[in-house]
Amino acid sequence: MYNNKYIYLYYNIIKANTDERRWEDCDVYVARTRKRCDGVMGDFVKYYNGAFCEAGNLGKESPIVLGGWHARVVYLKKYGKYLMSSSLARPKRDGGMVNHIMEVRESEDMLHWSAPVQLTREGELFGGHYMGLYNNGTQNQTNVIEGDTAVILTNGNGTDVTRYEVELRS
């Protein structure tokens, strides 16, 4: 069921070792606010210990996905599920954190996610620094995928956006 009552904000918290000048963790968190019809933005509430219960500013939060960078969530209308795409975020030997590998996870409630599946293209791991799954049409919302086709948009800092057409398979 597509949620029409709230706006969800997925965000990262990066944990860094300042002495060694390197990232140690990068996880995905979520906050939400009620949709309003009066033109005023409501307060965001963070997800913490199993509930949306902490203030958006200075409140506590619990990660919903470990090791994800720039998560994007779409609703798969045909399947009645949500799909999160993100880049794998795990420390690399060169000191970096973002691995250019796209991972997807599915969920029925936008909070509890399956184990990640790493995508491949022509037999090689596929991804980029920034990427996301989108509706492939020119109508409707970009975060609602009606059928089995979609697009992945990917790019890096200061690079062109590349578009890949994909077919979703259950």
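1. In this predicted model, the side chains of Arg 163 and Glu 165 meet in a salt bridge, with an N to O distance of 3.2 Å. Arg 163 counts as partly exposed, at 46% relative accessibility. Glu 165 has a relative accessibility of 66% and counts as exposed, because the exposed class begins over 50%.

2. How many salt bridges are there by this rule? The count comes to seven. Among them is the pair of Glu 146 and Lys 77, whose closest N and O atoms are 3.8 Å apart. Glu 146 is partly exposed at 39% relative accessibility, and Lys 77 is partly exposed at 48%.

3. A further salt bridge joins Glu 106 to Lys 81, with the closest N and O atoms 3.0 Å apart. Glu 106 belongs to strand E7 (residues 98-107) and Lys 81 to strand E6, so the pair links parts of the chain that are 25 residues apart in sequence. Glu 106 has a relative accessibility of 38% and counts as partly exposed. Lys 81, at 23%, is also assigned to the partly exposed class, because buried residues must fall under 20%.

4. The next point concerns the largest pocket. Its volume is about 620 Å³. Which residues of the lining lie nearest the centre of the largest pocket? They are Leu 83, Val 104, Leu 119, Leu 168 and Arg 169, out of 25 lining residues. Strands E6 and E7, together with strand E9 (120-121) and strand E14 (162-167), each supply at least two residues of the lining. By class, the lining of this pocket comprises 15 nonpolar, three polar and seven charged residues.

5. Thr 154 is located in strand E13. Is Thr 154 buried or exposed? Thr 154 is buried, with a relative accessible area of 8%. The side chain of Thr 154 reaches the backbone oxygen of Tyr 130 at a distance of 3.2 Å. Leaving aside neighbours within four places in sequence, the residues in contact with Thr 154 include Gly 127, Gly 128, Tyr 130 and Met 131. Asp 160, Val 161, Thr 162 and Tyr 164 are also in contact with Thr 154.

6. Ile 64 has its place in the loop between strands E4 and E5. Although it belongs to a loop, Ile 64 is buried, with a relative accessible area of 13%. Not counting residues up to four places away in sequence, Ile 64 touches Tyr 10, Val 28, Tyr 29, Val 30, Tyr 47, Met 84, Met 110, Leu 111 and Trp 113. Ile 64 and Tyr 48 are 16 residues apart in sequence, and their C-alpha atoms are 9.3 Å apart in space.

7. Cys 53 is part of strand E4 (residues 51-55). Cys 53 is partly exposed, with a relative accessible area of 46%. With residues up to four places away in sequence set aside, Cys 53 touches Val 45, Lys 46 and Tyr 48. The C-alpha atoms of Cys 53 and Ala 31 are separated by 9.5 Å, and these two residues are 22 residues apart along the chain.

8. The last point concerns the backbone angle phi. Most residues other than glycine have a negative phi. What is the phi of His 70? The value is near 55°, which is positive in a residue other than glycine. His 70 is found in strand E5 and counts as partly exposed, at 36% relative accessibility. Glu 122 likewise has a positive phi, near 55°, and is a residue other than glycine. Glu 122 lies in the loop between E9 and strand E10 (124-125). Glu 122 is exposed, with a relative accessible area of 72%.

Definitions and conventions: Residues are numbered from 1 along each chain as its sequence is written. This is a predicted model: local features need pLDDT of at least 70, side-chain atom pairs count only at pLDDT 80 or more; totals for chains, interfaces and linings use all residues. Side-chain values use heavy atoms; hydrogens and water are left out. A salt bridge is a side-chain nitrogen of Lys or Arg within 4 Å of a carboxyl oxygen of Asp or Glu. Buried means under 20% relative accessible area, exposed over 50%, partly exposed in between (1.4 Å probe, protein chains only). Helices (H or I, at least four residues) and strands (E, at least two) are DSSP runs, numbered from the N terminus. On a 1 Å grid over the protein atoms alone, a cavity is a set of points where a 1.4 Å probe fits but cannot get out, and a pocket is an open set with protein on both sides within 12 Å along at least five of seven lines; lining residues have an atom within 4 Å of a point. Grid points are joined across faces, edges and corners, and a volume is the space filled by probe spheres set on the points. Ala, Val, Leu, Ile, Met, Phe, Trp, Tyr, Cys and Pro count as nonpolar, Asp, Glu, Lys and Arg as charged, and the others, Gly among them, as polar. A polar contact is a pair of N or O atoms within 3.5 Å; within protein, one must be able to donate a hydrogen and the other to accept it, and residues adjacent in sequence count only if both atoms are side-chain atoms. Contact means heavy atoms within 4.5 Å.
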